[in-house]
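Thank you for making time this morning. Please have a look at the model on the screen, and then I will take you through a few of its parts, one after another.

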Amino acid sequence: MKKSPALLASIVSGIAIFLATDPGRSAFTYVDAGGHELRMLISGSGHPAVVFETGGTPADGGALEGWDRVQPRVSKFATTVSYDRAGIVWSEPGPKPRDARQVARELHTALGNAHVAPPYILVGHSFGGPLNRVFAGMYPGEVVGMVLLDPTQEEFMDWYHDWSQTHDREHDPHVNPEWKDYQPSLVEAHESRVPEGIPVVLVTAMGPRVLPAFMPEKEREEMKLVRPAWLKFHQEWVEKLPKGRHIITEKSGHGIPFEEPDLVIKTIREVFDAAQTGDGRR
């Protein structure tokens, strides 16, 4: 395995951009986020609204089309919002630094200008998980649930750094030039508190069950070490939450929104129903 699970978001993001359709599609809207416009796709009706956050670094990442297998079906029971972060695909560049708090401020402004009122259920994939946590920490009264899909975990990244120092420094995340974009946001996520009483579901992808035959032996051995650590740090984090729930799937790898959309939609629906009945903050 040549990249850490957190960095696999770049691969998934590339797929999403490849799948992106014509930016002139009438379903898209461009919304002011504080002096620059973000491309958004808003559909469906019903509250709480479900807001999707892609993976990749705050300054880079996937197109909103990464949710193409999920958003249309969630829109059948809820208002949904997907978007390109500033400077990604067809959204205009935003001010620097591009950390999680800046991303959260821009998304919050854009949601207001798009007249998508709170409360929100946040759904984040990969590095979208820490971005969700920072948004929820900044606007706790507006978030009633979170669904985190194989999220990047700061404790794992620290562990992987230490492991890489002795095993594979070439792939040490701290050496990777993108680390300057990751690190401040991971610190901000660590400092953010999950709003009290809301349901949080974390889905860990442990697939594929059978590794591809073409995978080099070195990468197979690394997977045997890295995957259990990825799972361990997810478990330890979610177990601290009074309303945390952990789902482990072996049917998909890191690209859960592509590989296992039914699970994603089912989980969102459960959090949505709990929020509607008032169970979310009890």
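**The aromatic cluster**

Phe156, Trp159, Tyr160 and Trp230 are linked into a cluster by ring pairs, where rings of Phe, Tyr and Trp (its six-membered ring) pair if their centres lie within 6.5 Å, and where planes under 30 degrees apart count as stacked, over 60 as edge-to-face and the rest as tilted. Before I go on, please keep in mind that this is a predicted model, in which local features need pLDDT of at least 70 and side-chain atom pairs count only at pLDDT 80 or more, while totals for chains, interfaces and linings use all residues. Residues are numbered from 1 along each chain as its sequence is written, and side-chain values use heavy atoms, with hydrogens and water left out.

How many aromatic pairs does a search of the whole structure find? The search finds 9 of them, and for Phe156 and Trp159 the ring centres are 5.6 Å apart with the planes at 35°, so this pair is tilted. Both residues belong to helix 5, where they are 3 residues apart, or about one helical turn; helices (H or I, at least four residues) and strands (E, at least two) are DSSP runs, numbered from the N terminus.

Is Phe156 buried or exposed? Phe156 counts as buried, at 0% relative accessibility, whereas Trp159, with a relative accessible area of 25%, is partly exposed; here buried means under 20% relative accessible area, exposed over 50%, and partly exposed in between (1.4 Å probe, protein chains only). Phe156 also forms an aromatic pair with Trp230, and this one is edge-to-face, with 4.8 Å from centre to centre and 90° between the planes. Because Phe156 lies in helix 5 and Trp230 in helix 7 (residues 217–238), the pair ties together parts that are 74 residues apart in sequence. Trp230 counts as buried too, at 3% relative accessibility.

**Charges over rings**

Let me turn to charges that sit over rings, which requires NZ of Lys or CZ of Arg within 6 Å of the ring centre and within 35 degrees of the ring normal. The charged end of Arg39 is placed over the ring of Phe28, at 4.2 Å from its centre, and Arg269 lies over the face of Phe77, 4.4 Å from the ring centre.

**Strands and their surroundings**

Strand 6 (residues 143–149) is mostly covered, with 7 of its 7 residues buried. Strand 5 (residues 120–125) pairs with strand 6 in the parallel sense over 6 bridges, and two strands are said to pair if DSSP finds at least two bridges between them.

Phe272, which lies in helix 9 (residues 261–276), counts as buried at 2% relative accessibility. Although Phe272 and Ile121 are 151 residues apart in sequence, they are 7.3 Å apart in space, C-alpha to C-alpha.

Where is Gly141 found? Gly141 is in the loop between helix 4 and strand 6, and with a relative accessible area of 66% this residue is exposed. Gly141 and Pro118 are 23 residues apart in sequence, and their C-alpha atoms are 8.7 Å apart in space.

That is the last of the parts I wanted to show you, and I am happy to go back to any of them.
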